[in-house]
Amino acid sequence: WIIQMCQIVYSNGAADFLDGWRPSPEQEAALYPSVYRVKRGAYWLINPTFQSSEEDVNLLFEMLLGGMQIQDGQRDLLIADAELASLRSVDKLEVICEDVLPKSLPDIRRLTAELARRRRPLSWQDFERTVLTLVYAAQTLARGGGQQRREAWTDAVTQLFGALQKDLGTS
């Protein structure tokens with residue numbers, strides 16, 4: 001168990017420390033610290049969000065109903081509808097799904113622990129990312145695996161749902 005604990009600690013920040021990266025206080029307290037790291041060489045990708053209007057909310061809902069899949073691999077975001085997938089606004093959603101959302105169980109457990117300690121409502125950006133993380137965790141659970149793996153992902157889905165439900169109750 002000590003080796004596993006060391007792996008979790010290393011995967012949750014030791015790599016950044018070894019690379020010489022020092023987070024600012026607001027980044028250190030962030031639920032999704034990777035939003036502050038420039039990806040793909042574009043400044044507008046720092047702290048990306050998808051939903052900025054009611055149309056974006058409806059578009060995300062339509063993509064989810066159409067079978068949008070958030071995976072962990074070469075292409076993290078799969079949208080079955082070619083017309084929806086070709087929309088320019090989907091670029092930000094791809095960045096969020098590929099570069100911002102936690103995909104490993106230890107990272108999601110870290111997130112749920114931070115959500116459980118949180119006393120104030122989530123920002124709308126963090127709420128959006130938490131919903132997308134819940135979608136990813138639920139889809140990972142649905143893909144199956146061994147009993148222990150399914151139990152771990154079930155726990156993650158339950159905790160994420162509880163955090164969102166708590167946030168909706170406080171706002």
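Which residue just after H3 takes a positive phi? Gly-67 does, with a phi of about 95 degrees.

## Basis of the model

This is a predicted model, in which local features need pLDDT of at least 70, side-chain atom pairs count only at pLDDT 80 or more, and totals for chains, interfaces and linings use all residues. Residues are numbered from 1 along each chain as its sequence is written, and side-chain values use heavy atoms, with hydrogens and water left out.

## Overall architecture

The protein has eight helices and two strands. Helices (H or I, at least four residues) and strands (E, at least two) are DSSP runs, numbered from the N terminus. Read from that terminus, the order of elements is α-α-α-β-β-α-α-α-α-α.

Of the 171 residues, 37% count as buried; the classes are buried (under 20% relative accessible area), exposed (over 50%) and partly exposed (in between), with a 1.4 Å probe and protein chains only. The protein exposes about 10400 Å², of which carbon and sulfur atoms supply 55%. Accessible areas come from the Shrake-Rupley method with a 1.4 Å probe, and for residues only the protein chains shown count as cover. Among contacts (heavy atoms within 4.5 Å) with a separation of 6 or more, 64% join residues 24 or more positions apart.

## Helix H3

Helix H3 comprises residues 54-65, twelve in number, and reaches 17 Å from its first C-alpha to its last, close to the 16 Å expected at 1.5 Å a residue. The expected span is 1.5 Å times one less than the number of residues in the helix.

Asp-56, Leu-59, Leu-60 and Met-63 are buried in H3. Seen down the helix axis, these buried residues fall within an arc of 100 degrees, so they line one face of H3; the arc is that of the directions from the helix axis to the C-beta atoms. Their packing partners are helix H4 (82-85), helix H5 (90-100) and H7. Glu-54, Phe-61 and Leu-65 are exposed on the other side of H3.

The 13 residues of H6 should span 18 Å at 1.5 Å a residue, and the end C-alpha atoms are 18 Å apart, which agrees. The buried residues of H6 include Leu-105, Asp-107, Ile-108 and Leu-111. Thr-112, Glu-114 and Leu-115 are also among the buried residues of this helix.

Side chains of opposite charge can pair when their charged atoms come close. A salt bridge is a side-chain nitrogen of Lys or Arg within 4 Å of a carboxyl oxygen of Asp or Glu, and by this rule the count comes to two. One of them joins Glu-114 and Arg-110, at 2.7 Å from N to O. Both residues lie in helix H6 (residues 105-117), four residues apart, about one turn of the helix. Glu-114 counts as buried at 18% relative accessibility, whereas Arg-110 is partly exposed at 22%.

Asp-126 forms a salt bridge with Arg-129, the closest N and O atoms being 3.2 Å apart. Both residues belong to helix H7 and stand three residues apart, about one turn of the helix. Asp-126 is buried at 11% relative accessibility, and Arg-129 is buried with a relative accessible area of 2%.

Glu-128 also lies in H7 (residues 124-142). Glu-128 is buried yet has no salt bridge, and the nearest side chain of opposite charge, that of Arg-129, is 5.5 Å away. For such charge assignments, Lys and Arg count as positive and Asp and Glu as negative, while His and the chain ends are not counted. Beyond four places in sequence, Glu-128 touches Thr-49, Phe-50, Gln-51 and Ile-96. Thr-133, another residue in H7, is buried with a relative accessible area of 0%. With residues up to four places away in sequence set aside, Thr-133 touches Tyr-32, Leu-101, Pro-102, Ile-108, Leu-111 and Leu-160.

## Asp-167 in helix H8

Asp-167 is placed in helix H8 (residues 147-170) and is buried, with a relative accessible area of 8%. Not counting residues up to four places away in sequence, Asp-167 touches Arg-120, Pro-121, Leu-122 and Phe-127. Asp-167 and Arg-120 are 47 residues apart in sequence and 8.1 Å apart in space, C-alpha to C-alpha.
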